[in-house]
Amino acid sequence: MSSPTGPASGLPVRMPRPRQPGRHRRPEPLVAPEGAPALVLAVPGTPSATTRGLAEEVVSIARSELPGLDARIGYVDGDDSEFPTLQSVLTRSADERTARHEQAVAAGAEVKEPEGPVAVVVPLLAGPDSALLRQVRQAVMESKVAAELTDVLGPHPLLAEALHVRLSEAGLARADRARLFTVATAADGIILASVGGDEAVQAAGITGMLLAARLAVPVMAAALDQDGSINSVAEQLRSSGSQQLALAPYLIGPEIDPGLLTAAAAEADCATAEALGAYPAIGKLALARYTTALGITPQQPQGTPAR
(Lines give C-alpha, C1' and ligand atoms only; values in the text may rest on other atoms or scores of the structure.)
Protein backbone atom coordinates (compact mmCIF):
# COMPACT_ATOMS: atom_id res chain seq x y z
CA MET A 1 0.00 0.00 0.00
CA SER A 2 1.28 3.42 -0.94
CA SER A 3 1.24 6.64 0.98
CA PRO A 4 1.20 10.16 -0.51
CA THR A 5 4.98 10.23 -0.20
CA GLY A 6 5.67 6.84 -1.76
CA PRO A 7 5.07 3.09 -1.44
CA ALA A 8 4.78 1.67 2.05
CA SER A 9 6.93 -1.29 1.06
CA GLY A 10 9.83 0.93 0.01
CA LEU A 11 9.73 -0.43 -3.56
CA PRO A 12 10.09 2.12 -6.32
CA VAL A 13 6.95 3.19 -8.12
CA ARG A 14 7.00 4.51 -11.68
CA MET A 15 5.32 7.88 -11.54
CA PRO A 16 3.71 9.38 -14.66
CA ARG A 17 6.21 11.43 -16.59
CA PRO A 18 5.24 15.10 -16.67
CA ARG A 19 4.58 16.60 -20.05
CA GLN A 20 7.61 18.49 -21.28
CA PRO A 21 6.90 22.22 -21.48
CA GLY A 22 8.51 24.81 -23.73
CA ARG A 23 9.81 24.73 -27.27
CA HIS A 24 11.11 21.15 -27.05
CA ARG A 25 7.66 19.80 -26.33
CA ARG A 26 6.61 17.17 -28.86
CA PRO A 27 3.79 18.53 -31.04
CA GLU A 28 0.44 16.79 -31.06
CA PRO A 29 -0.02 14.71 -34.21
CA LEU A 30 -2.23 16.48 -36.75
CA VAL A 31 -5.12 14.70 -38.43
CA ALA A 32 -7.42 15.89 -41.17
CA PRO A 33 -10.43 17.77 -39.75
CA GLU A 34 -13.76 15.98 -40.01
CA GLY A 35 -15.51 16.95 -43.22
CA ALA A 36 -12.36 18.54 -44.68
CA PRO A 37 -12.28 19.02 -48.46
CA ALA A 38 -10.59 16.42 -50.61
CA LEU A 39 -7.07 16.99 -51.85
CA VAL A 40 -7.29 16.44 -55.60
CA LEU A 41 -3.94 16.02 -57.32
CA ALA A 42 -4.21 17.43 -60.85
CA VAL A 43 -1.91 15.31 -63.03
CA PRO A 44 -0.90 16.84 -66.38
CA GLY A 45 0.27 15.11 -69.52
CA THR A 46 -0.75 11.92 -71.27
CA PRO A 47 -1.95 9.36 -68.68
CA SER A 48 -0.11 6.05 -68.45
CA ALA A 49 0.49 3.25 -65.98
CA THR A 50 3.79 4.91 -65.02
CA THR A 51 2.07 8.25 -64.45
CA ARG A 52 -0.61 6.60 -62.33
CA GLY A 53 1.98 4.83 -60.19
CA LEU A 54 3.83 8.09 -59.62
CA ALA A 55 0.63 9.98 -58.69
CA GLU A 56 -0.49 7.20 -56.34
CA GLU A 57 2.85 7.31 -54.56
CA VAL A 58 2.61 11.09 -54.15
CA VAL A 59 -0.87 10.91 -52.58
CA SER A 60 0.27 7.99 -50.40
CA ILE A 61 3.03 10.20 -48.98
CA ALA A 62 0.51 12.99 -48.36
CA ARG A 63 -1.86 10.58 -46.55
CA SER A 64 0.97 9.30 -44.35
CA GLU A 65 1.74 12.89 -43.32
CA LEU A 66 -1.91 13.73 -42.54
CA PRO A 67 -3.98 10.73 -41.35
CA GLY A 68 -7.59 10.86 -42.42
CA LEU A 69 -6.80 12.86 -45.57
CA ASP A 70 -9.19 12.29 -48.48
CA ALA A 71 -6.73 12.39 -51.39
CA ARG A 72 -7.76 11.74 -54.98
CA ILE A 73 -6.18 11.86 -58.43
CA GLY A 74 -7.63 13.64 -61.45
CA TYR A 75 -5.96 13.56 -64.87
CA VAL A 76 -5.98 16.75 -66.93
CA ASP A 77 -6.09 14.65 -70.12
CA GLY A 78 -7.94 11.67 -68.65
CA ASP A 79 -10.51 9.45 -70.39
CA ASP A 80 -12.97 8.80 -67.53
CA SER A 81 -12.48 5.06 -67.80
CA GLU A 82 -9.02 3.96 -66.71
CA PHE A 83 -7.91 7.51 -65.93
CA PRO A 84 -10.64 9.71 -64.39
CA THR A 85 -10.60 13.31 -65.55
CA LEU A 86 -10.07 16.12 -63.09
CA GLN A 87 -13.58 17.38 -63.84
CA SER A 88 -15.23 14.03 -63.06
CA VAL A 89 -13.23 13.59 -59.84
CA LEU A 90 -14.40 16.99 -58.62
CA THR A 91 -18.02 16.23 -59.53
CA ARG A 92 -17.86 12.91 -57.70
CA SER A 93 -16.39 14.58 -54.61
CA ALA A 94 -19.27 17.07 -54.57
CA ASP A 95 -21.89 14.34 -55.03
CA GLU A 96 -20.40 12.27 -52.22
CA ARG A 97 -20.34 15.24 -49.83
CA THR A 98 -24.00 15.95 -50.58
CA ALA A 99 -24.90 12.28 -50.08
CA ARG A 100 -23.11 12.15 -46.70
CA HIS A 101 -25.03 15.21 -45.53
CA GLU A 102 -28.37 13.79 -46.66
CA GLN A 103 -27.66 10.47 -44.93
CA ALA A 104 -26.80 12.26 -41.69
CA VAL A 105 -30.02 14.28 -41.84
CA ALA A 106 -32.06 11.15 -42.60
CA ALA A 107 -30.49 9.48 -39.56
CA GLY A 108 -31.72 12.33 -37.34
CA ALA A 109 -28.36 13.98 -36.78
CA GLU A 110 -28.21 17.73 -36.33
CA VAL A 111 -25.72 18.72 -38.99
CA LYS A 112 -25.09 21.97 -40.82
CA GLU A 113 -25.18 22.37 -44.55
CA PRO A 114 -21.69 21.69 -45.97
CA GLU A 115 -19.70 24.90 -46.32
CA GLY A 116 -16.44 25.86 -47.95
CA PRO A 117 -14.73 24.21 -50.90
CA VAL A 118 -15.51 20.65 -51.87
CA ALA A 119 -11.89 20.11 -52.87
CA VAL A 120 -8.48 21.73 -52.97
CA VAL A 121 -6.83 21.13 -56.34
CA VAL A 122 -3.03 20.87 -56.26
CA PRO A 123 -1.29 20.88 -59.67
CA LEU A 124 1.44 18.24 -59.93
CA LEU A 125 3.93 20.77 -61.29
CA ALA A 126 7.28 21.89 -59.93
CA GLY A 127 7.04 25.27 -61.64
CA PRO A 128 4.49 27.45 -63.43
CA ASP A 129 3.28 26.40 -66.86
CA SER A 130 0.56 28.76 -68.09
CA ALA A 131 -0.78 26.36 -70.73
CA LEU A 132 -1.17 23.45 -68.32
CA LEU A 133 -2.53 25.65 -65.53
CA ARG A 134 -5.09 27.05 -67.96
CA GLN A 135 -6.29 23.48 -68.60
CA VAL A 136 -6.57 22.84 -64.87
CA ARG A 137 -8.56 26.03 -64.27
CA GLN A 138 -10.84 25.20 -67.19
CA ALA A 139 -11.57 21.74 -65.77
CA VAL A 140 -12.36 23.23 -62.35
CA MET A 141 -14.75 25.79 -63.89
CA GLU A 142 -16.49 23.22 -66.08
CA SER A 143 -17.09 20.95 -63.09
CA LYS A 144 -19.18 23.75 -61.48
CA VAL A 145 -17.81 22.53 -58.15
CA ALA A 146 -16.62 24.87 -55.39
CA ALA A 147 -12.92 24.02 -55.50
CA GLU A 148 -9.82 25.99 -54.62
CA LEU A 149 -6.80 25.84 -56.91
CA THR A 150 -3.38 26.17 -55.25
CA ASP A 151 -0.04 27.34 -56.59
CA VAL A 152 2.45 24.90 -58.09
CA LEU A 153 4.89 23.14 -55.77
CA GLY A 154 7.97 25.31 -56.31
CA PRO A 155 10.20 27.06 -55.79
CA HIS A 156 11.19 25.43 -52.50
CA PRO A 157 14.40 24.23 -50.78
CA LEU A 158 13.06 20.68 -50.79
CA LEU A 159 13.06 20.72 -54.59
CA ALA A 160 16.73 21.72 -54.55
CA GLU A 161 17.35 18.74 -52.28
CA ALA A 162 15.44 16.46 -54.67
CA LEU A 163 17.44 17.73 -57.65
CA HIS A 164 20.67 17.10 -55.73
CA VAL A 165 19.60 13.54 -54.97
CA ARG A 166 18.65 12.81 -58.59
CA LEU A 167 22.01 14.16 -59.80
CA SER A 168 23.90 12.09 -57.24
CA GLU A 169 21.91 8.97 -58.21
CA ALA A 170 23.07 9.49 -61.79
CA GLY A 171 26.69 9.90 -60.64
CA LEU A 172 26.69 13.56 -61.68
CA ALA A 173 27.14 15.11 -58.23
CA ARG A 174 28.58 14.20 -54.86
CA ALA A 175 25.96 12.97 -52.44
CA ASP A 176 27.56 14.88 -49.56
CA ARG A 177 30.07 17.70 -49.84
CA ALA A 178 31.08 17.20 -46.22
CA ARG A 179 32.67 13.86 -47.09
CA LEU A 180 35.97 14.16 -48.89
CA PHE A 181 35.56 11.84 -51.83
CA THR A 182 35.35 12.56 -55.52
CA VAL A 183 32.99 11.46 -58.24
CA ALA A 184 34.82 11.10 -61.53
CA THR A 185 31.73 12.00 -63.55
CA ALA A 186 30.59 14.89 -61.34
CA ALA A 187 29.37 17.86 -63.35
CA ASP A 188 30.95 21.28 -62.97
CA GLY A 189 27.93 23.07 -64.45
CA ILE A 190 24.21 22.29 -64.21
CA ILE A 191 21.45 23.16 -66.69
CA LEU A 192 18.12 23.25 -64.85
CA ALA A 193 15.54 22.25 -67.46
CA SER A 194 11.99 23.54 -67.05
CA VAL A 195 8.83 23.84 -69.16
CA GLY A 196 6.48 26.81 -69.25
CA GLY A 197 8.51 29.52 -70.97
CA ASP A 198 10.16 32.53 -69.40
CA GLU A 199 8.03 32.50 -66.24
CA ALA A 200 9.03 28.91 -65.56
CA VAL A 201 12.71 29.69 -66.18
CA GLN A 202 12.62 32.55 -63.67
CA ALA A 203 10.93 30.37 -61.04
CA ALA A 204 13.38 27.52 -61.67
CA GLY A 205 16.25 30.00 -61.25
CA ILE A 206 15.27 30.52 -57.60
CA THR A 207 15.57 26.80 -56.87
CA GLY A 208 18.70 26.80 -59.03
CA MET A 209 20.41 29.22 -56.66
CA LEU A 210 19.65 26.85 -53.78
CA LEU A 211 21.03 23.93 -55.78
CA ALA A 212 24.18 25.88 -56.65
CA ALA A 213 24.75 26.52 -52.93
CA ARG A 214 24.49 22.79 -52.26
CA LEU A 215 26.81 21.71 -55.07
CA ALA A 216 29.20 24.68 -55.23
CA VAL A 217 28.96 24.69 -59.04
CA PRO A 218 27.16 27.13 -61.36
CA VAL A 219 23.50 26.34 -62.11
CA MET A 220 21.50 28.04 -64.86
CA ALA A 221 17.84 27.49 -65.80
CA ALA A 222 16.64 26.97 -69.38
CA ALA A 223 13.35 26.15 -71.11
CA LEU A 224 12.89 22.77 -72.76
CA ASP A 225 9.93 24.14 -74.73
CA GLN A 226 11.86 27.04 -76.28
CA ASP A 227 14.03 26.28 -79.29
CA GLY A 228 17.70 26.80 -78.59
CA SER A 229 17.28 27.66 -74.89
CA ILE A 230 19.09 24.59 -73.56
CA ASN A 231 21.94 24.90 -76.04
CA SER A 232 22.32 28.63 -75.36
CA VAL A 233 22.67 28.06 -71.62
CA ALA A 234 25.14 25.22 -72.26
CA GLU A 235 27.31 27.60 -74.29
CA GLN A 236 27.16 30.22 -71.53
CA LEU A 237 28.29 27.70 -68.92
CA ARG A 238 31.14 26.44 -71.12
CA SER A 239 32.30 29.96 -71.91
CA SER A 240 32.50 30.65 -68.17
CA GLY A 241 34.75 27.64 -67.57
CA SER A 242 32.43 24.66 -67.04
CA GLN A 243 33.47 21.67 -69.13
CA GLN A 244 31.41 18.77 -67.84
CA LEU A 245 27.72 19.72 -67.92
CA ALA A 246 24.65 17.90 -66.64
CA LEU A 247 20.97 18.41 -67.36
CA ALA A 248 18.78 18.37 -64.23
CA PRO A 249 15.05 18.20 -65.06
CA TYR A 250 13.08 20.65 -62.91
CA LEU A 251 10.08 18.48 -63.66
CA ILE A 252 7.94 15.91 -61.86
CA GLY A 253 7.71 13.79 -65.02
CA PRO A 254 4.17 13.49 -66.44
CA GLU A 255 4.16 17.05 -67.80
CA ILE A 256 6.87 16.41 -70.39
CA ASP A 257 7.50 14.03 -73.28
CA PRO A 258 10.63 12.06 -72.26
CA GLY A 259 11.86 12.30 -75.84
CA LEU A 260 12.13 16.08 -75.52
CA LEU A 261 14.46 15.70 -72.56
CA THR A 262 16.63 13.15 -74.38
CA ALA A 263 16.86 15.38 -77.44
CA ALA A 264 17.83 18.42 -75.37
CA ALA A 265 20.60 16.51 -73.59
CA ALA A 266 21.94 15.31 -76.94
CA GLU A 267 21.82 18.84 -78.38
CA ALA A 268 23.75 20.25 -75.42
CA ASP A 269 26.10 17.23 -75.40
CA CYS A 270 25.64 16.52 -71.69
CA ALA A 271 24.48 13.78 -69.37
CA THR A 272 21.06 13.96 -67.72
CA ALA A 273 19.54 13.00 -64.39
CA GLU A 274 16.09 11.55 -63.86
CA ALA A 275 13.05 13.78 -63.35
CA LEU A 276 11.98 14.45 -59.75
CA GLY A 277 9.26 11.79 -59.87
CA ALA A 278 7.75 10.64 -56.58
CA TYR A 279 10.60 11.90 -54.41
CA PRO A 280 9.13 12.17 -50.85
CA ALA A 281 9.36 15.97 -50.91
CA ILE A 282 6.78 16.07 -53.73
CA GLY A 283 4.07 14.51 -51.56
CA LYS A 284 4.98 16.73 -48.62
CA LEU A 285 4.84 19.88 -50.72
CA ALA A 286 1.48 18.86 -52.24
CA LEU A 287 0.14 18.43 -48.71
CA ALA A 288 1.62 21.77 -47.64
CA ARG A 289 -0.27 23.51 -50.47
CA TYR A 290 -3.48 21.81 -49.33
CA THR A 291 -3.16 22.58 -45.63
CA THR A 292 -2.10 26.17 -46.29
CA ALA A 293 -5.20 26.68 -48.45
CA LEU A 294 -7.39 25.47 -45.58
CA GLY A 295 -5.53 27.30 -42.80
CA ILE A 296 -4.73 24.05 -41.01
CA THR A 297 -1.03 24.19 -41.82
CA PRO A 298 1.10 21.74 -39.83
CA GLN A 299 4.80 22.37 -39.45
CA GLN A 300 5.98 23.40 -42.92
CA PRO A 301 8.37 20.99 -44.67
CA GLN A 302 11.87 22.30 -44.24
CA GLY A 303 14.62 22.01 -46.80
CA THR A 304 17.80 20.25 -45.79
CA PRO A 305 20.59 22.83 -45.47
CA ALA A 306 23.37 22.77 -48.00
CA ARG A 307 26.13 20.38 -47.03
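**Helix α7 and its surroundings**

In helix α7, which spans residues 258–268, the buried residues are Leu261, Ala264, Ala265 and Ala268. Viewed down the axis of α7, these buried residues fall within an arc of 100 degrees, so they line one face of the helix. On the other side of α7, Thr262 and Ala266 are exposed. The model is a predicted one, and buried here stands for under 20% relative accessible area, exposed for over 50%.

The next point is what lies over the buried face. The cover of the buried residues of α7 includes the strands β7 (189–194), β9 (245–249) and β10 (271–272), together with helix α6 (229–239).

Two packed helices are described by the angle between their axes and the distance between the axes. For α6 and α7, the angle is about 35 degrees and the axes are 9 Å apart. The crossing in which α6 passes α7 is right-handed. On the α6 side, the contact is made by Ile230, Asn231, Ala234 and Arg238, and on the α7 side by Ala264, Glu267 and Ala268. Sorted by class, this contact of α6 with α7 has four nonpolar residues, one polar residue and two charged residues. Ala264 and Ala268 of α7 take part in the contact with α6 and are also among the buried residues of α7.

After α7 comes Asp269, which has a positive phi, near 55 degrees.

Key: Residues numbered from 1 in each chain as written. Predicted model: local features only at pLDDT ≥ 70, side-chain atom pairs only at ≥ 80, totals over all residues. Heavy atoms only, no water. Buried < 20%, exposed > 50% of the residue type's maximum accessible area, 1.4 Å probe, protein only. Helix = DSSP H or I, 4+ residues; strand = E, 2+ residues; numbered from the N terminus. Arc of directions from axis to C-beta. Contact = heavy atoms within 4.5 Å. Axes fitted to C-alpha atoms, helices over the stretch in contact; angles between N-to-C directions. Left-handed = near helix turned anticlockwise from the far one by under 90°. Nonpolar A, V, L, I, M, F, W, Y, C, P; charged D, E, K, R; others polar.
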